[in-house]
Amino acid sequence: DKLVSDEEVLLNITKLFRALFSSNLGDQRDILQTLSSSSQTDYQAAVGEEGPSDPCRVMFDTMGFAIERRPSSLQSAGTGVFVVMGTVPKGATVAMYPGTIYQRYEPIFFQSVCNPFIFRCIDGVLIDGNDKGISKAVYRSCSGRDRLGPIKLSDTTWLTAKPYNPLAVGQYVNNCSNDKAANVCYQEFDVSTGFPIELCQYLPNVNYRMDMPRPLRCVVLVALRAIHPGEELFSNYYTVVH
Ligand SMILES: C[S@@+](CC[C@H](N)C(=O)[O-])C[C@H]1O[C@@H](n2cnc3c(N)ncnc32)[C@H](O)[C@@H]1O
């Protein structure tokens, strides 16, 4: 069973996305104009006085913790993901697994060669979370294709060192081992058509296939226990909850 309900995941991520949107309202004018006047007023009321904020700071202020990529605490495991501020409560959505979504029947051969960032869901859907090479080019191309005029339906900044959505580093979480038990688990989260349009710009996933009907498959990482500052996140690569 899922550790937390889809409703709870939705609440967690929309709370953060709304705060990110409000923290950068100056750049959101085109989208803001398309919203109802009550939504516009809500966002304007939430704006802080200090101007645009660092996404990590926004994450800490809204969720009570922040995560970042740093060299792993494990020998020769490359980069990992760490809690850098605050404590992650058990059950919190602590990260998202970004990337291009492939249905089980879609071709992924060239993108998958020597690619350790391919995540497999139970139903055979694959997520390519590699931020380099051909995978990066494919993601950028699909994301550009799926825009609605000025409205971006997905985020491309997870491909850079400074993602606008600070949750979108889940592909860098390392695998648990004998001395490092898993402290997060994967959980599928499908984004339905009712998801607020102005917040889609923070979703770090895009379908490979054009005109793929929603819901959009996402995978989130949920805390299995309280995780304290300085701790590295570890998952179990072979388990995902449907
Ligand atoms: C999805 S990537 C994780 C991010 C990776 N650490 C990096 O810097 O690109 C998976 C790869 O990370 C490394 N890795 C993950 N967990 C590890 C572990 N417990 N010990 C050693 N290497 C690990 C392996 O090279 C694996 O193929």
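Modeller: Before we begin, a definition: helices (H or I, at least four residues) and strands (E, at least two) are DSSP runs, numbered from the N terminus. This is a predicted model, in which local features need pLDDT of at least 70, side-chain atom pairs count only at pLDDT 80 or more, and totals for chains, interfaces and linings use all residues. Residues are numbered from 1 along each chain as its sequence is written.

Colleague: Where is Ser76 found?

Modeller: Ser76 is in the loop between β1 (65-71) and β2. Its phi is near 50 degrees, a positive value in a residue other than glycine.

Colleague: Is Ser76 buried or exposed?

Modeller: Ser76 has 5 other C-beta atoms within 10 Å, so it is exposed. A residue is buried if 20 or more other C-beta atoms lie within 10 Å of its own, exposed if 12 or fewer, and partly exposed in between, with C-beta atoms placed from the backbone.

Colleague: What about the phi of Asp211?

Modeller: Asp211 has a positive phi of about 55 degrees, although it is not a glycine. Most residues other than glycine have a negative phi. Asp211 is found in the loop between β9 and β10, and it is exposed, with 7 other C-beta atoms within 10 Å.

Colleague: Changing topic to α1, which of its residues are buried?

Modeller: The buried residues of α1 are Val9, Asn12, Ile13, Leu16, Phe17, Leu20 and Phe21. Seen down the axis of α1, they fall within an arc of 160 degrees, so they line one face of the helix. The arc is that of the directions from the helix axis to the C-beta atoms.

Colleague: And what covers them?

Modeller: The cover includes α3 (37-45), α4 (55-63), β3 (93-96), β8 (184-191) and β10 (216-223).

Colleague: At what angle do α1 and α4 pack?

Modeller: The angle is about 130 degrees, and the axes are 9 Å apart. Axes are lines fitted to C-alpha atoms, for helices over the stretch in contact, and angles run from 0 to 180 degrees between N-to-C directions. The two helices, α1 and α4, are therefore oblique to each other; angles under 35 degrees count as roughly parallel, over 145 as roughly antiparallel, 65 to 115 as roughly perpendicular and the rest as oblique.

Colleague: Which residues make that contact?

Modeller: On α1 they are Lys15, Leu16, Ala19 and Leu20, and on α4 they are Pro55, Val58, Met59, Asp61, Thr62 and Met63. Two residues are in contact if their C-beta atoms, placed from the backbone, lie within 7 Å.

Colleague: Now α6: which residues there are buried?

Modeller: Ser135, Val138, Tyr139, Cys142 and Ser143 are the buried residues of α6. They cover an arc of only 125 degrees around the axis, which puts them on the same side of α6. They pack against β4 (99-102), α5 (109-112), β6 (126-128) and β9 (205-207).

Colleague: What does the opposite face of α6 carry?

Modeller: The face turned away from the buried side carries the exposed residues Ala137, Gly144 and Arg145.
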